[in-house]
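User: I'd like to go through this model in short questions. Keep the answers brisk.

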Amino acid sequence: MRRVLTWLLVAAAAIAVAWWVAELPGKVAISVAGLSFEASAPVAVLLGAITLVLLYFAIRAIGFVMFLPRRLRQWNAARHRRSGDAAVTRALVTLAAAEGRAARSASAKARRLLGDTPQTLLLAAEAARLDNDEDAAARIFQLMAERPDAAFLGLRGLFRQATARGDWTAAQQLARQAEAIQPGASWLRQARLELAARTGDWLPALGLAGPDAPLAALATAASGNALTADEGEKLARRAFRADPAFVPAALAYATRLRAAGREGKALEVLREAWTNAAHPALAELALAPVHDALGRVRAATGLVKQRPDHPESHLLLCRLSLAAGLTGEARRHAKAALATGAHDRRAFMLLADIEAGEGGNHTAAVEALRHAASAEPEPAWICGNCKAEQPQWHPACPACHAPASLVWGRRTSATPVLTADATVPRLPS
Ligand SMILES: [Zn+2]
């Protein structure tokens, strides 16, 4: 309805103008180079309007012819881009479907139509890898690594190839180059961590550690790599401060302190660690310089004084009392350990030893051995990734190379059960 009204108004205006022009009085005379032209005013106005319209179309036609080659180029480029985009989509779909041949063909078409852009190169390299042509992929990744706009992607691809073939030296070099281009990239953090798990070079991994990284485990591992005793002590202290319940950090820090002649401070650290996470290795280190049996009982009593009721405290004092000939004390601690609810095989074995000795109860010894057979095994370092059991803590699991994956706990049928004090190093996201 509005359109009809508009058209009616325009038509009325046109008729009014035409009427007004037709009614214009007078004549127009033009004389050029001996030629003269004379017409009435309405005819002259009409001719003038027709001339203007013709001039407009002539200028448009000239412009169209002049810009025709450029328009054709633009049209061709747009057509190529549309076909190239379709080829990129096809390459992505075939990559996702793991169809190597089809992905290579689609990515080659995308490269031909769109040229060597970071996207088309990456698609071509990934398609080559999927098609098991690692050499072709390496050539494309190398090409990308030499271009400023695709260098990081190229280095990342070369790094993945190096780690896949176990060339850790090349992988380290590539990681350093990638670090220089994109410092602090989260992929690099994870890559550095995995690399360190393979090469034992933990300092760079610690240097790149993000907020989610297992800092205590990384700093403990890095302190083992330190070139000087001073640097080693600083790293071990950092690890212990990051997580005072992380036993390997406390052991590393106390060992460094003892080596520097600071025995009092070393024992203080071990006492604090025992309070946070009682662990047999802490006692072993604390008591290492004490050799007489009674002295060891006294030293152990001092170590556990903040947590005397912990099962590990009772087990330690039971074992040392037995060695010192304090059978009554040993029996009391063994029973106290079992009274805490810890049905630990070590407690039953110690009890069996006590009862089998002089003045012991033979029946109680047999009973303790019977319980030991069905008791929980002693805790160990168990990999949270592959569940392999390790006698000692390692920064990376020796079986599956997962970094910071060893947890102090007990093995069950499927998964390790953590002890109350077990420390779970967090894996980076
Ligand atoms: Zn493992």
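User: Which residues of α17 are buried?

Analyst: This is a predicted model, where local features need pLDDT of at least 70, side-chain atom pairs count only at pLDDT 80 or more, and totals for chains, interfaces and linings use all residues. Residues are numbered from 1 along each chain as its sequence is written. In α17 the buried residues are P311, E312, S313, H314, L315, L316, L317, C318, R319, L320, S321 and L322.

User: What covers the buried residues of α17?

Analyst: α17 is mostly covered, with 12 of its 13 residues buried. Contact here means C-beta atoms, placed from the backbone, within 7 Å. The cover includes α15, α16, α18 and α19 (345-356).

User: Are α17 and α18 roughly parallel or antiparallel to each other?

Analyst: Their axes lie 8 Å apart and the packing angle is about 160°. Axes are lines fitted to C-alpha atoms over the stretch in contact, and angles run from 0 to 180 degrees between N-to-C directions. Under 35 degrees counts as roughly parallel, over 145 as roughly antiparallel, 65 to 115 as roughly perpendicular, the rest as oblique. The pair is therefore roughly antiparallel.

User: Which residues of α18 make the contact?

Analyst: From α17 come P311, H314, L315, L317, C318, S321 and L322. The partners in α18 are T327, E329, A330, H333, A334, A336 and A337.

User: How far apart are the end C-alpha atoms of α14?

Analyst: Helix α14 (residues 263-276) has 14 residues. The expected span is 1.5 Å times one less than the number of residues. That predicts 20 Å, so the model agrees: the ends are separated by 20 Å.

User: Which residues of α14 are buried, and what covers them?

Analyst: A266, V269, L270, R271, A273 and W274 are buried. Their cover includes α12 (229-242), α13 (247-259), α15 (280-287) and α16 (293-303).

User: Does V366 count as buried or partly exposed?

Analyst: V366 sits in helix α20 (residues 362-374). It has 13 C-beta neighbours inside 10 Å, so it counts as partly exposed.

Conventions:
Helix = DSSP H or I, 4+ residues; strand = E, 2+ residues; numbered from the N terminus. Contact = placed C-beta atoms within 7 Å. Buried ≥ 20, exposed ≤ 12 C-beta atoms within 10 Å, placed from the backbone.
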